[in-house]
Amino acid sequence: MTEQQPIAVLGGGSFGTAIANLLAENGHSVRLWMRDAEQAESIRTHRQNPRYLKGVTLLPGVCPVTDLGQTLAECQLIFVALPSSALRQALSPFADHLSGKMLVSTTKGIEAQGFMLMSQILEEIAPQARIGVISGPNLAREVAEHALTATVVASDDEALCRCVQQALHGRTFRVYASSDRFGVELGGALKNVYAIMAGMAAALGMGENTRSMLITRALAEMTRFAVRLGANPMTFLGLAGVGDLIVTCTSTKSRNFQVGHALGEGLSLDEAVSRLGEVAEGVNTIKVLKTKAEELQVYMPLVAGLHAILYEGRTLDQVIALLMRGEPKTDVDFISTDGF
Ligand SMILES: NC(=O)C1=CN([C@@H]2O[C@H](COP(=O)(O)OP(=O)(O)OC[C@H]3O[C@@H](n4cnc5c(N)ncnc54)[C@H](OP(=O)(O)O)[C@@H]3O)[C@@H](O)[C@H]2O)C=CC1
Ligand SMILES: O=C(CO)COP(=O)(O)O
């Protein structure tokens with residue numbers, strides 16, 4: 001990739017916009033692709049994306065565009081910041097444009113059919129592309145407002161990792177590299193589920209002990225699941241594991257936490273999702289995860305509990321009673337033990 005070549009960011013939501021601005025700050029020319037021509041025109045004129053990142057001024061280097069084919073043709077490095085429900089459908093028609101390109105998913109979701117992570121879908125659509133992911137404790141608004149932040153770029157393509165580090169690494173944003181693409185990507189998707197639970201607990205006025213128990217046992221549970229699928233357990237002690245879990249389970253800026261909070265206030269799932277008006281990936285991930293955990297026979301009581309509340313008509317009180325009644329377990333031997 002040459003210095004002058006533009007970089008593409010696909011998705012004009014909160015994270016795509018935040019990443020585009022970071023790249024522009026580092027002197028890159030950025031094509032921020034979005035599907036909505038009116039939104040693109042408004043951003044071009046007002047240099048703001050009020051629907052998703054109110055109050056953040058976009059740098060002149062960020063150019064909102066709506067022609068996906070042309071954007072993909074122009075750029076070698078392409079960040080994909082689309083919801084998991086949209087990624088395949090948006091990119092499949094452009095498979096021919098992707099050969100040899102560096103495709104970096106920022107999306108934290110899982111496709112139900114085949115339990116596919118987004119980088120695996122990208123690989124399927126574009127077998128000749130170079131694939132990576134970024135994930136970590138990266139709340140879009142904080143990234144955009146220059147809170148000191150770190151992320152992980154993961155790929156077995158070391159040159160891609162270096163390229164992403166050079167493009168994104170800056171005054172307020174550090175980029176670490178990892179070769180555990182699967183673990184890094186899975187961590188980002190799994191933690192959303194536990195953030196919903198943390199939001200519910202907060203709405204119900206549960207204390208800090210409860211939150212800490214939830215986060216710690218969630219880490220055990222997600223690590224157990226990921227290791228069963230081949231991830232490196234150490235990844236879950238890093239930014240893309242416990243790092244992202246902590247921020248998403250403790251911040252009211254997290255959309256997944258907000259959905260959980262709304263549920264805890266008594267809203268239905270539909271009401272909570274529509275009140276949010278943005279993507280909360282955990283709502284779908286919980287279904288996919290429950291099915292996969294059963295298939296693999298990995299014991300995930302927190303996942304089963306949340307699923308029972310959201311989709312099986314159980315009350316929170318019933319689920320809490322069940323979880324707390326479980327027989328005592330070992331604390332730190334979390335990978336091999338099977339308990340809450
Ligand atoms: N926000 C965050 O803090 C972070 C988010 N992520 C991940 O990034 C991904 C994107 O999230 P985020 O930017 O926050 O989401 P938002 O809800 O803020 O925005 C979603 C964006 O995707 C667009 N979109 C939705 N459906 C389609 C489609 N079918 N075709 C094209 N564009 C579409 C929306 O366009 P429109 O406005 O036209 O509907 C909008 O621009 C998620 O997987 C999320 O987990 C990762 C790290 C941090
Ligand atoms: O992934 C995120 C922070 O790292 C954002 O989480 P939410 O999608 O819950 O806002």
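Me: Hi! Leaving out residues up to four places away in sequence, what does Gly16 touch?
Reply: Gly16 touches Val9, Leu10, Gly11, Leu32 and Ala81; contact here is C-beta atoms, placed from the backbone, within 7 Å. This is a predicted model, where local features need pLDDT of at least 70, side-chain atom pairs count only at pLDDT 80 or more, and totals for chains, interfaces and linings use all residues. Residues are numbered from 1 along each chain as its sequence is written, while chains are lettered from A and ligands numbered from 1 in the order in which they are written.

Me: Thanks! Is Gly16 buried or exposed?
Reply: Gly16 counts as buried because it has 24 C-beta neighbours inside 10 Å. The cut-offs are 20 or more other C-beta atoms within 10 Å for buried, 12 or fewer for exposed, and partly exposed in between.

Me: And what about Ala140, which residues does it touch?
Reply: Not counting residues up to four places away in sequence, Ala140 touches Ser14, Phe15, Ala18 and Leu53. With 22 C-beta neighbours inside 10 Å, Ala140 counts as buried.

Me: New topic: which residues come nearest to ligand 1?
Reply: Gly13, Ala86, Lys108, Ala140 and Glu278 come nearest, of the 27 residues around ligand 1. Being near means a C-beta atom, placed from the backbone, within 6 Å.

Me: Why does ligand 1 lie between domain 1 and domain 2?
Reply: Because domain 1 (7-179) and domain 2 (189-325) both give residues to its shell. Those bounds come from an automatic or database domain assignment.

Me: Last one: what does UniProt annotate as "binding site"?
Reply: The unreviewed UniProt entry puts that annotation on Gly11, Gly12, Gly13, Ser14, Phe15, Gly16, Ala140 and Arg255. Such annotations may be inferred rather than shown by experiment.

Terms used
Two residues are in contact if their C-beta atoms, placed from the backbone, lie within 7 Å.
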